[in-house]
Amino acid sequence: MDNLPEIRDIHIPDGVSLFPIAYGWWVILIGLIGAFLLIKFIAFAIRTSKRLYALKQLKNINTDKPVVAAIKFSELLRRICHFKFREASALYGEDWINFLNEHTSHKIADDCAKLLVYAPFMNVDDKSYSPQTAEELKSFCKYWIGANL
């Protein structure tokens with residue numbers, strides 16, 4: 001009995017390739033990409049919602065009484081600064097105006113700057129400033145919010 005003819009040669013299998021990747025790795029990769037995109041989307045939504053909320057608040061400020069409007073504009077800008085630039089929320093006077101001008105390419109007009117600085121100390125019925133000045137200040141605030149939120 002000769003069994004040797006029935007024995008076949010040993011064939012070593014081919015090496016294991018990295019590709020095609022198994023389905024489990026595709027699921028993990030898609031999950032990681034999905035988590036990354038979800039985090040980016042949430043961060044964008046939070047940023048956008050704060051900007052939209054601030055612009056809505058700005059839109060609701062009536063400029064018929066410039067002093068009252070300037071106080072509300074300053075309040076809104078300070079709230080934004082408290083969120084984004086903590087050190088700036090305590091600034092006042094020329095330092096406040098300089099800070100606002102440093103953080104935007106659109107500079108505030110001199111009469112608007114004076115209104116913004118002196119409004120908290122003025123009588124609310126003061127007629128020194130026109131509603132047009134308050135409108136200019138409102139447009140500056142809108143631009144500043146768009147640039148910084």
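**Entry 1: D125 and its partner**

I looked up D125 and found it partly exposed, with a relative accessible area of 46%. The model I am reading is a predicted one. I then asked which residue forms a salt bridge with D125. The partner is K65, and the closest N and O atoms of the pair are 3.6 Å apart. That falls inside the cut-off, which puts a Lys or Arg side-chain nitrogen within 4 Å of a carboxyl oxygen of Asp or Glu. I noted the background: oppositely charged side chains can pair when their charged atoms come close.

Next I placed the two residues. K65 is partly exposed, at 46% relative accessibility. I also checked how many salt bridges the rule gives, and the count is 1.

**Entry 2: the loop between α1 and α2**

I stayed in the loop between α1 and α2 and looked at N60, which lies there. Its relative accessible area is 55%, and N60 counts as exposed because the threshold for that class is over 50%. I took a distance from N60 to N98: the residues are 38 apart along the chain, and their C-alpha atoms are separated by 26 Å.

**Entry 3: D110**

I found D110 in helix α4. Is D110 buried or exposed? It is exposed, at 62% relative accessibility. From D110 to I97 I read 9.7 Å between C-alpha atoms, for a separation of 13 residues in sequence.

**Entry 4: nonpolar surface**

I listed the members of a nonpolar surface patch: Y23, W26, L29, I30, I33, F36 and L37. Together they make about 820 Å². L29 belongs to helix α1 and is partly exposed, with 40% relative accessible area. That value clears the patch cut-off of over 30%.

**Entry 5: the largest pocket**

I recorded a volume of about 170 Å³ for the largest pocket. Which elements give two or more residues to its lining? They are α1 (23-59) and α2 (66-84). The lining residues are S49, K50, Y53, A54, L76, R79, I80, F83 and L149. I sorted the lining by class and got 6 nonpolar, 1 polar and 2 charged residues.

Methods. Residues numbered from 1 in each chain as written. Predicted model: local features only at pLDDT ≥ 70, side-chain atom pairs only at ≥ 80, totals over all residues. Heavy atoms only, no water. 1 Å grid on protein atoms, 1.4 Å probe; cavity = no way out; pocket = protein on both sides within 12 Å on 5 of 7 lines; lining within 4 Å. Points joined across faces, edges and corners; volume = space filled by probe spheres on them. Helix = DSSP H or I, 4+ residues; strand = E, 2+ residues; numbered from the N terminus. Nonpolar A, V, L, I, M, F, W, Y, C, P; charged D, E, K, R; others polar. Patch = residues over 30% accessible without salt bridge, like charges linked within 9 Å, V, L, I, M, F, W, Y side chains within 5 Å. Areas by Shrake-Rupley, 256 points an atom, 1.4 Å probe, with all protein chains shown as cover. Buried < 20%, exposed > 50% of the residue type's maximum accessible area, 1.4 Å probe, protein only.
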